[in-house]
Amino acid sequence: METRSLPLTVLIRIAKIFGPSKERRDCLKPHLRLIQFVGLIVPRRLRADWRREWEAELRHREVLLSEWDRLNWQNKLDLFRRSTSAFWDALWLQPKRLEEEMFQDLRFGVRMLLKHKGFTIVAVLSLALGIGANTALFSVVDAVLLKALPVNEPDRLALFEWQAGLPFRYGGMSGTSTVYGPPGTYGLSLFRYEVFEKMRQARAAAPESPLSDIFAFAPLEVTAVVGDQAEIVNGQAVSGGYYAGLRVQPILGRAITDEDDKPGAAPVAVLSHQFWQERLGANPAVIGQQLKLNKLSFTIIGVTPPAFTGTLQVDYHPAVTFPIASEPVATGQG
């Protein structure tokens, strides 16, 4: 069978048709392959433009240096090195990826919540209850376990208590307290006033005592009359050495002293900073004015610092404080 050779022009055209395309040849170049790989971390909406810019930049440099196949190894290495700069450029665009995905997730979430209103209401209520419960729990833990009393050297304070067996009768003492102690025992930090007096006198008679101060305090709700408005407020009765033992100095006026905590002494009161601000308008002229507590007139002698809220339970912040000696009169027992 006779064979005929094809013209040269035909062979060239066939070679051009069936040979690797320009895009195929470009893909074989490592610096352009690196650009394609790095482009995977570029946000999708910016990826095409980013690739075109970097590929155009590298092709431009390639043309300036010569065709890839004609480059020496130093020029090829330079192109490859410059292509790695695309990685840092892609990292710089990452915030836009996060922003894009975040807004997409938000839009999808809003659509789903609006579509399923019943589920949305249940989810919102569940989150509100969970956040509220956790916030309340953390507030208690923070106040009880983490936050120290806003006084000087709070680690040196000690709370005395008595302990007795279960048959022991501890009735007859007024006030509130918490029962605790080892199994099979009662333990209270509530003492009769005469017992506290004996403890105070014993400490005063013993100069070598490890106690620098001893003081007492107890909660007592009272009716306060400010202007023409009466309201029930949290109060506390304290011994004369209360503020001196805690090293708390009023920001206005003076504190209660041992002289104020004696039978027959004129009734005096110290206000909390919050009560002073909210009920008396933070008036500095309140020192020396009269405040009715349980229908008895007390002379205002001081205002405590803003951070000081007393030494009672976490949620009990006394608005007014007066000497223990005034308690019988204030409660109508004197």
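Figure 1. Let us start with strand E1, residues 162-165, which has one covered face and one uncovered face. Trp162 and Ala164 make up the covered face, while Gln163 and Gly165 belong to the uncovered one. As in every view here, what you are looking at is a predicted model.

**Figure 2. Strand E1 beside strand E2.** Here the partner of E1 comes into the picture: strand E2, residues 185-188, runs antiparallel to E1. How many bridges join E1 to E2? There are four. To find your place along the pair, look for Gly165, which stands opposite Thr185 in E2.

**Figure 3. A nonpolar patch on the surface.** Three residues, Phe87, Trp88 and Leu91, form this patch, and together they have about 330 Å² of accessible area. Leu91 is part of helix H6, which covers residues 85-92. Is Leu91 buried, partly exposed or exposed? Its relative accessible area is 35%, and partly exposed residues fall between the 20% limit for buried and the 50% limit for exposed, so Leu91 counts as partly exposed.

**Figure 4. Aromatic pairs, with two examples.** Aromatic rings count as a pair if their centres lie within 6.5 Å, and by this rule the count comes to seven aromatic pairs. Take Phe215 and Phe217: their ring centres are 6.4 Å apart and their planes meet at 40 degrees, so this pair is tilted. Phe217 has 25% relative accessibility and therefore counts as partly exposed. Tyr242 and Tyr243 also form an aromatic pair, this one edge-to-face, with 5.0 Å from centre to centre and 85 degrees between the planes. Both of these tyrosines, Tyr242 and Tyr243, are buried.

**Figure 5. One aromatic cluster.** Stepping back from the two pairs, which residues form one aromatic cluster? Phe215, Phe217, Tyr242, Tyr243 and Phe308 do. Within this group, Tyr242 and Tyr243 are buried, whereas Phe217 is partly exposed.

**Figure 6. The surroundings of the close-ups.** To place the views in context, the protein chain has 12 helices and 11 strands. Of its 334 residues, 29% are buried. The accessible surface of the chain comes to about 22500 Å², and carbon and sulfur atoms account for 59% of that area. Among the contacts with a separation of 6 or more, 60% are between residues 24 or more positions apart.

Key:
Residues are numbered from 1 along each chain as its sequence is written. This is a predicted model: local features need pLDDT of at least 70, side-chain atom pairs count only at pLDDT 80 or more; totals for chains, interfaces and linings use all residues. Side-chain values use heavy atoms; hydrogens and water are left out. Patches are made of residues with over 30% relative accessible area and no salt bridge: like charges are joined within 9 Å, nonpolar side chains (Val, Leu, Ile, Met, Phe, Trp, Tyr) within 5 Å. Accessible areas come from the Shrake-Rupley method with a 1.4 Å probe; for residues, only the protein chains shown count as cover. A salt bridge is a side-chain nitrogen of Lys or Arg within 4 Å of a carboxyl oxygen of Asp or Glu. Helices (H or I, at least four residues) and strands (E, at least two) are DSSP runs, numbered from the N terminus. Buried means under 20% relative accessible area, exposed over 50%, partly exposed in between (1.4 Å probe, protein chains only). Rings of Phe, Tyr and Trp (its six-membered ring) pair if their centres lie within 6.5 Å; planes under 30 degrees apart count as stacked, over 60 as edge-to-face and the rest as tilted. Contact means heavy atoms within 4.5 Å. Two strands pair if DSSP finds at least two bridges between them.
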